[in-house]
Amino acid sequence: MNRRHALRHLGALSAAACAAGPALVRAQSDKPITLVVPYAPGGTTDMLGRLIAQQLGSALGRTVIVDNRPGAGTAIGASQVARAAPDGTTLLVATSTTLAINPWLYKKLSYDPAKDFAPVGLIGAVPLMVVVHPSVPATTLSELVALAKSRPDALSYGSAGNGSPQHLGAEMFKVATAANMVHVPYKGSALALTDLLGGQLQLMFTDIAPALQHVRSGKLRALAVTSRKRQPTFPAVPTVAESGVAGTADFEAVAWQSVVAPAGTPKAFIDRCSQEIARLVAQPALRQKLENEGFEPAAPGAHGAGAPEQLAAYIRSETERWGRVIRASGTTID
């Protein structure tokens with residue numbers, strides 16, 4: 001085959017592939033969509049997944065089935081979707097752990113975040129709150145950093161385990177401020193929070209929702225939130241960036257949630273799903289409900305909110321940012 005014929009043949013194949021996308025979506029329009037949630041039922045990510053399933057099901061006129069596949073730091077569910085046919089019948093609720101953190105943590109990963117998925121839409125994020133036991137002589141973040149520097153290894157912080165958002169959020173803070181704190185990993189954040197309340201730990205970078213009642217009752221003291229803006233549930237608590245601590249002017253550490261599809265999924269299907277996710281998180285009543293639970297819904301024009309291309313750029317920037325933190329902390333998981 002000469003060069004002209006080869007180019008003509010390639011052009012024909014490309015045209016056929018482009019035409020196949022919408023046709024494939026139409027062909028699959030009567031089949032259920034499986035939305036894989038890589039966490040156990042009952043948590044924040046599962047709740048968000050079920051809201052997305054309901055919205056997509058109503059908008060697309062198709063059954064959307066939530067399939068919980070917890071384990072291996074979201075890798076079990078992610079691997080399932082990475083291997084699924086890109087035909088508009090499979091989606092994944094992917095978190096910052098799935099897409100931006102795991103590539104740096106695991107020496108061997110069963111999926112490739114950059115190659116195996118097509119970004120669809122950003123749902124939002126879960127900020128962390130820096131809380132201390134009342135016995136800690138610090139009422140501001142500046143005082144906490146000064147204490148950590150003056151008493152090396154005297155402050156211990158708990159987390160849900162190595163590589164968890166709570167662990168890496170604290171490590172990001174350590175890298176930014178040179179504060180000296182000792183990590184104590186637990187099998188779940190609830191166990192760490194229990195020991196913090198009992199005084200066995202001095203501080204924690206925790207999800208806001210579990211800490212709400214303890215901060216309000218005075219059993220814990222809130223020093224800062226790790227989002228870019230203050231949280232409606234605790235408007236008097238400053239952000240880390242507002243603390244004035246050197247190195248934290250642009251600090252942000254949030255665990256975000258998004259939806260992705262297998263790479264190669266038709267663009268028409270992805271764009272439609274992206275529009276419906278944006279429509280869902282824009283609903284005022286839902287936004288209010290989520291914010292009351294310590295969740296920050298994606299806002300139009302913020303970070304990766306909007307078109308799939310914006311989410312793709314956000315994922316790339318977050319992957320680079322978390323990579324710097326993980327390399328500096330030396331954290332790895334076999």
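The model is predicted, so local features need pLDDT of at least 70, side-chain atom pairs count only at pLDDT 80 or more, and totals for chains, interfaces and linings use all residues. Residues are numbered from 1 along each chain as its sequence is written, and side-chain values use heavy atoms, with hydrogens and water left out.

Begin with strand S7, residues 203-207. Strands are DSSP runs of E with at least two residues, helices are runs of H or I with at least four, and both are numbered from the N terminus. Four of the five residues of S7 are buried, so the strand is largely enclosed by the rest of the structure. Buried means under 20% relative accessible area, exposed means over 50%, and partly exposed lies in between (1.4 Å probe, protein chains only). Strands pair if DSSP finds at least two bridges between them. S4 (residues 117-132) and S7 run antiparallel and are joined by five bridges; leucine 128 stands opposite aspartate 207. S5 (residues 156-159) and S7 run parallel, with two bridges, and tyrosine 157 has leucine 203 as its bridge partner.

A pocket is an open set of points on a 1 Å grid over the protein atoms alone where a 1.4 Å probe fits, with protein on both sides within 12 Å along at least five of seven lines; lining residues have an atom within 4 Å of a point. The space in the largest pocket is about 930 Å³, a volume being the space filled by probe spheres set on the points, which are joined across faces, edges and corners.

Next come the charges. A salt bridge is a side-chain nitrogen of Lys or Arg within 4 Å of a carboxyl oxygen of Asp or Glu, and the count comes to nine. In helix H11 (residues 308-329), arginine 321 and glutamate 318 are three residues apart, about one helical turn. Their closest N and O atoms are 2.8 Å apart in a salt bridge. Arginine 321 is buried at 18% relative accessible area, and glutamate 318 is buried at 3%.
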